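Look at the model below.

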Amino acid sequence: MARLPIIVQNERRKRIGLVITIWLQMCTVANWFLVALGAIHSLHTYRPRIRSYILDFYAKRDYVKRLVHASDETCIEQVRMNRTTFFKLCEMLQTLGELKSSRNMLVDEQVAMFLHIISHHLKNRVIKHHFNRSGETVSRSFHNVLNAVIRLQDVLFKKAEPITANSTDPRWKWFKNCLGALDGTHIKIRVPTVDKPRYRTRKGDIATNMLGVCTPDMQFVYVLPGWEGSVADGRVLRDAISRRHGLKVPHGCYYLVDAGYTNCEGFLAPFRGQRYHLNEWRQGYQPSTPEEFFNMKHASARNVIERCFGLLKLRWGILRSPSFYPVRVHNRIIIACCLLHNFIRTYMSLDPIEEELGEGLPSNVIDDDEPNIINIHPSDAWATWRMELANQMFDEWQASRN
């Protein structure tokens with residue numbers, strides 16, 4: 001009976017040891033279970049990241065789809081060209097302009113963003129809200145596309161083509177060997193306060209004086225932006241023809257210019273002191289002298305450059321008001337707008353922004369190896385030739401009336 005308590009104590013110790021062993025085993029199993037659950041949870045937390053990235057990529061492209069891919073009507077309203085022309089531009093910028101897709105943005109989105117900005121003159125903060133991109137991404141994409149468009153100068157600038165002797169165009173048939181027309185236009189910009197007097201035009205606007213040269217079918221041959229608004233058109237033209245890669249005018253060919261330029265070889269100006277502007281001929285008045293008839297036909301043909309400038313500013317809103325970009329960048333934007341103007345006229349069969357012209361185009365192309373005019377000086381020989389041309393035009397017109 002004395003050993004009974006000892007036996008009870010041993011049994012109690014065994015039961016306590018068994019309980020502790022079972023508890024430790026349960027903790028081990030629970031630990032293994034928690035480790036496995038953590039591994040499974042980590043796998044599941046990685047997969048949604050891939051899915052969220054993909055969904056985020058397509059969500060950011062949603063605005064591009066509505067902007068460009070929805071319909072031709074929306075595409076023309078927002079980026080000034082239909083879908084076929086837009087995709088052609090993207091292809092050309094990739095192959096010739098060296099524009100590449102980034103990790104998070106394809107080429108079509110970069111091009112759509114650039115065209116949307118220059119079409120409607122939108123700020124960076126507006127674009128980053130619409131496209132759901134950062135301001136730095138918007139700025140980088142804009143300059144990448146701008147540089148790519150500038151690289152297409154040799155492709156998109158039109159080759160000068162003289163009017164042939166058998167031309168039947170009622171406006172241009174009088175001017176054989178004429179290459180087109182040129183003039184200057186003012187485009188408003190923002191400059192530092194210290195530079196404003198140099199850029200102030202006679203109308204009081206702060207603008208740059210851009211020289212534009214176009215063909216009879218309203219495509220730009222050459223543009224020279226950057227000169228101050230206070231500079232005369234003649235000085236800008238002298239700078240253009242003196243540059244190594246400037247305006248080329250072969251001997252025997254010429255451009256139509258207004259009375260603000262010198263009448264000299266390569267640049268045919270109207271007679272001073274005679275009726276000239278088109279609105280002066282809309283009252284049914286008929287020319288009575290060779291000079292008046294010459295000026296009437298000259299104004300009718302030279303008006304192509306005025307229409308070209310008007311269409312350019314109507315198409316690209318960034319040219320209608322002062323830009324937010326520095327002067328150097330804005331000058332490159334002007335060149336890009338002219339290049340895109342030529343691209344649209346080449347690859348869009350119907351441009352809703354303008355009326356169909358239906359003009360026949362001459363076929364002779366100027367050879368770059370021909371000698372070019374490098375000076376602007378009035379000469380008696382050129383003045384005599386202009387007078388002879390005026391008399392010839394007047395005689396042919398009178399004969400046709402009789």
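## The second largest pocket

β1 (178–188), β2 (207–214) and α11 (290–315) each give at least two residues to the lining of the second largest pocket. Helices (H or I, at least four residues) and strands (E, at least two) are DSSP runs, numbered from the N terminus. This is a predicted model: local features need pLDDT of at least 70, side-chain atom pairs count only at pLDDT 80 or more, and totals for chains, interfaces and linings use all residues. Residues are numbered from 1 along each chain as its sequence is written, and side-chain values use heavy atoms, with hydrogens and water left out.

β1 gives the most to this lining, with five residues. By class, the lining has five nonpolar, seven polar and ten charged residues. Here Ala, Val, Leu, Ile, Met, Phe, Trp, Tyr, Cys and Pro count as nonpolar, Asp, Glu, Lys and Arg as charged, and the others, Gly among them, as polar.

## Two loop residues

Arg80 is found in the loop between α3 (72–79) and α4 (83–95). Its phi is near 70°, a positive value in a residue other than glycine. Arg80 is buried, with a relative accessible area of 12%.

Asn177 is found in the loop between α8 (153–156) and β1. Asn177 also is not a glycine, and has a positive phi of about 70°. At 37% relative accessibility, Asn177 is partly exposed. Buried means under 20% relative accessible area, exposed over 50%, and partly exposed in between (1.4 Å probe, protein chains only). Most residues other than glycine have a negative phi.
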